[in-house]
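Please look over the structure below. The report then takes its parts in turn.

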Amino acid sequence: MSLEIEVVGCSRKMGFDENKECGDGAEVSKAHEVNNAGDVLSEEKITREMSDVSIVATEDEEEEEETEGKIDLGPQYTLKEQLEKDKDDESLRKWKEQLIGSVDLNSIGEVLESEVKILTLTIKSPGREDILLPIPEGGKVHGNWFTLKEGSPYRLQFTFQVNNNIVSGLKYTNTVWKTGMKMDSSKEMLGTFSPQAEAYTHEMPEETTPSGIFARGSYSARSRFVDDDNICYLEINYSFDIRKDW
């Protein structure tokens, strides 16, 4: 937003400087200054309004996509009920037992809702120390969360724990904006997981940060962990920087 406003401001200033040199008097020059100042303020207001509308529109689009993509999985069952329900189907029973593993069914109880706890979030980049990101309370990061160097490869790694029941179709989504414009949107399917005492670890595919003068600057983003029932286990709203160097 600031870059856009500065460009508009510079072009206006160049315009009324030329008018001042060609004008016949101070009153004409002053009038041009007033008009140009008003134009700059109008441009700034319009830019801000467009940025706000862009973010709201993107959020609405995401909600529509989630609603349209939601699958009706039928009634929920506890872990014990799921095992009992298909005990006569040997192949399905073996698949469920393999999925569940060494879970102590007596310690789980009769809970329908699965629980997913995101334990750690880490950015890994070759030749650099890992950046361990603190998970904010309430999902809102205050200030800049991290900084990446332009043109550098990186991976996001996270660990999580599943409790109570099987979580189906867990996925990670991430949307990035710059000056109110949607720059990127990605979705990674993590899979289906059973409750386990040990934490699961997932590493995202390697990506490379954009480079160049227009790629540098501050970005805002939103990351979410959701399942097939569209239950959100964690949403993080944050900002980060891409700079010429670390």
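The model described here is predicted.

Threonine 179 is found in another loop, the one between strand S5 (167–178) and S6. Its phi is near 50 degrees, a positive value in a residue other than glycine. Threonine 179 is partly exposed, with a relative accessible area of 38%. As background, most residues other than glycine have a negative phi.

## The chain as a whole

The protein chain has five helices and 10 strands. How many of its residues are buried? Of the 246 residues, 35% count as buried.

The protein chain exposes about 15,300 Å². Carbon and sulfur atoms supply 50% of that area.

## The five-stranded sheet

Five strands form an open sheet. Their order is S3-S10-S9-S5-S6, and the pairing is mixed. Which strands lie at the edges of this sheet? They are strand S3 (140–149) and strand S6 (181–193), and each pairs on one side only. Neighbouring strands of the sheet are turned by 25 degrees against each other on average, direction ignored.

Within this sheet, strand S9 (residues 217–226) pairs with strand S10 (residues 232–243). The sense is antiparallel, and the pairing runs over 10 bridges. Phenylalanine 225 stands opposite leucine 234 in S10.

## Strand S4 and its partners

Strand S4 covers residues 153–163. Nine of its 11 residues are buried, so S4 is largely enclosed by the rest of the structure.

Which way do S4 and strand S1 (residues 115–124) pair, parallel or antiparallel? They pair in the antiparallel sense, over nine bridges. Glutamate 115 stands opposite asparagine 163 in S4. Strand S7 (residues 200–203) also pairs with S4 in the antiparallel sense, over four bridges. Here glutamine 157 stands opposite glutamate 203 in S7. Two bridges join S4 to strand S8 (residues 207–208), and these strands run antiparallel. Tyrosine 154 stands opposite glutamate 207 in S8.

## Threonine 159

Threonine 159 lies in strand S4. Is this residue buried or exposed? Threonine 159 counts as buried, because its relative accessibility is 15% and the limit for buried is under 20%.

The side chain of threonine 159 makes a polar contact with the side chain of threonine 120, at 2.5 Å. Leaving out residues up to four places away in sequence, threonine 159 touches Lys117, Ile118, Leu119, Thr120, Tyr200 and Thr201.

## Aromatic pairs

The count comes to 13 aromatic pairs. One of them joins tryptophan 145 and phenylalanine 146. Their rings are 6.0 Å apart, centre to centre. The planes are 50 degrees apart, and the pair is tilted. Both tryptophan 145 and phenylalanine 146 are buried.

Phenylalanine 158 and tyrosine 172 have ring centres 5.7 Å apart. Their planes stand at 35 degrees, so this pair is tilted too. The pair links distant parts of the chain. Phenylalanine 158 is in strand S4, tyrosine 172 is in strand S5, and they are 14 residues apart. Phenylalanine 158 is buried, with a relative accessible area of 0%. Tyrosine 172 counts as buried as well, at 6% relative accessibility.

## One aromatic cluster

Which residues form one aromatic cluster? They are Phe158, Phe160, Tyr172, Phe193, Tyr200 and Phe225. Several names here have come up already. Tyr200 is among the residues that threonine 159 touches. Phenylalanine 225 is the residue opposite leucine 234 in S10.

Note on methods: Residues are numbered from 1 along each chain as its sequence is written. This is a predicted model: local features need pLDDT of at least 70, side-chain atom pairs count only at pLDDT 80 or more; totals for chains, interfaces and linings use all residues. Side-chain values use heavy atoms; hydrogens and water are left out. Two strands pair if DSSP finds at least two bridges between them. Axes are lines fitted to C-alpha atoms, for helices over the stretch in contact, and angles run from 0 to 180 degrees between N-to-C directions. Buried means under 20% relative accessible area, exposed over 50%, partly exposed in between (1.4 Å probe, protein chains only). Rings of Phe, Tyr and Trp (its six-membered ring) pair if their centres lie within 6.5 Å; planes under 30 degrees apart count as stacked, over 60 as edge-to-face and the rest as tilted. Accessible areas come from the Shrake-Rupley method with a 1.4 Å probe; for residues, only the protein chains shown count as cover. A polar contact is a pair of N or O atoms within 3.5 Å; within protein, one must be able to donate a hydrogen and the other to accept it, and residues adjacent in sequence count only if both atoms are side-chain atoms. Contact means heavy atoms within 4.5 Å.
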